[in-house]
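Please read them with the model open.

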Amino acid sequence: MEILGATLRICVDDLEASVPFYERLAGGRALRFERGGVSVAAVGCFLLMSGPEADLEVLRKVSATIAVKDVEDAHRVLSELGARILAGPVGTPAGRTLIAMHPDGAVYEYVDRGSPTP
């Protein structure tokens, strides 16, 4: 599995108010999408999320988002190493994703940029 980088996950109360700050900070435009009632804006290495508290409570349990070359390969390696796959792999507007719990209890999202789905 090839790890390409990591994204910081930030839950915000007001996505529209937060995005301009992070766009200026990261020097780029936000990629926006909705996921299960949660509004998301990806800006540089930041993933801003806003939505119902019940949904955000679950999202806060994921420590970080890790970009990988291929989620299927990550799935295989993580499983071989004893990680428990909690969700996925599934397609998103930004690529494929899965959520895994490492043997130490840490939870991470793994994403690739292949085969995005609307």
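**Notes on the fold**

1. Helix H3 (residues 71-80) lies across S5, S6, strand S7 (95-101) and S8, and runs at about 15° to S7. Contact means heavy atoms within 4.5 Å. Axes are lines fitted to C-alpha atoms, for helices over the stretch in contact, with angles from 0 to 180 degrees between N-to-C directions.

2. This is a predicted model, in which local features need pLDDT of at least 70 and side-chain atom pairs count only at pLDDT 80 or more, while totals for chains, interfaces and linings use all residues. Residues are numbered from 1 along each chain as its sequence is written, and side-chain values use heavy atoms, with hydrogens and water left out.

3. The protein chain has three helices and eight strands. Helices (H or I, at least four residues) and strands (E, at least two) are DSSP runs, numbered from the N terminus.

4. The eight strands make an open sheet of mixed pairing, in the order S2-S3-S4-S1-S5-S8-S7-S6. Its edge strands, S2 (31-35) and S6 (84-92), each pair on one side only. Two strands pair if DSSP finds at least two bridges between them.

5. S5 (residues 64-68) and S8 (residues 107-111) pair in the parallel sense over four bridges. Ala 64 stands opposite Tyr 108 in S8.

6. Helix H1 (residues 15-26) also packs on the sheet, where H1 touches strand S1 (3-11), S2, strand S3 (38-43) and strand S4 (46-50). The direction of H1 makes about 175° with that of S4.

7. Along its principal axes, the C-alpha trace of the protein chain spans about 40 × 30 × 25 Å.
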